[in-house]
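Here is a short briefing on selected helices of one structure. Look over the sequence and the model first, then read the points below.

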Amino acid sequence: MNTNRLTLFAAVSLAIGGLLGLAGSFSPPAIRGVAWGLDGTALVMGALLLAVHHIKLGNEQLAAGFLTFVAGQTLVVSSSAMDLAASSPSFGAGVGLWAAGLALVSASSGMPIFVRATGAIASVLFAIVALRIFG
């Protein structure tokens, strides 16, 4: 797969994941599970494609950040059809890994400064959410 197709597939996957995640948040439980299951699958695919892209470019730290996000998202998607209260431990673990992935991506010089700054802020906020869930 050439670089243009890879990045296009990654962008489309992330956009679909974001839209389905948002739709699932405002849906009744029966639809929410399906929307969040598809959302998580699309996000995992997009993040994996970005990890492969950055490995090919020699940006190992960025790739590691995207792979860490994949690990967190798989925890979250594994409980997407569960009751919200029952899924909170998996969600907390996933959010903790999202925080770590964002920290890796934000610490990389391969990203623009605006992305690095917003990613660092999001990483801290996700870490706080994870700690509150675990507490």
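The face of α5 turned away from its buried side carries exposed residues. They are I113, F114, I121, L125 and R132. The model is a predicted one.

**Helix α5**
- Helix α5 runs over residues 113-134 and has 22 residues.
- From first C-alpha to last, α5 reaches 31 Å, close to the 32 Å expected at 1.5 Å a residue.
- Which residues of α5 are buried? They are G119, S123 and A130.
- In general, an α-helix has 3.6 residues a turn, so residues three or four places apart point the same way.
- The cover over the buried residues of α5 includes α4 (88-106).

**Helix α1**
- Helix α1 takes in residues 3-25, which is 23 residues.
- At 1.5 Å a residue, α1 should span 33 Å, and its end C-alpha atoms are 33 Å apart, so the two values agree.
- The buried residues of α1 are L6, A10, S13, G17, G21 and G24.
- What do the buried residues of α1 pack against? They pack against α2 (29-57).

**A nonpolar patch**
- L8, F9, V12 and I16 make a nonpolar surface patch.
- The patch has an area of about 330 Å².
- One of its residues, L8, is found in helix α1.

Terms used. Residues are numbered from 1 along each chain as its sequence is written. This is a predicted model: local features need pLDDT of at least 70, side-chain atom pairs count only at pLDDT 80 or more; totals for chains, interfaces and linings use all residues. Side-chain values use heavy atoms; hydrogens and water are left out. Helices (H or I, at least four residues) and strands (E, at least two) are DSSP runs, numbered from the N terminus. The expected span of a helix is 1.5 Å times one less than its number of residues. Buried means under 20% relative accessible area, exposed over 50%, partly exposed in between (1.4 Å probe, protein chains only). Contact means heavy atoms within 4.5 Å. Patches are made of residues with over 30% relative accessible area and no salt bridge: like charges are joined within 9 Å, nonpolar side chains (Val, Leu, Ile, Met, Phe, Trp, Tyr) within 5 Å. Accessible areas come from the Shrake-Rupley method with a 1.4 Å probe; for residues, only the protein chains shown count as cover. A salt bridge is a side-chain nitrogen of Lys or Arg within 4 Å of a carboxyl oxygen of Asp or Glu.
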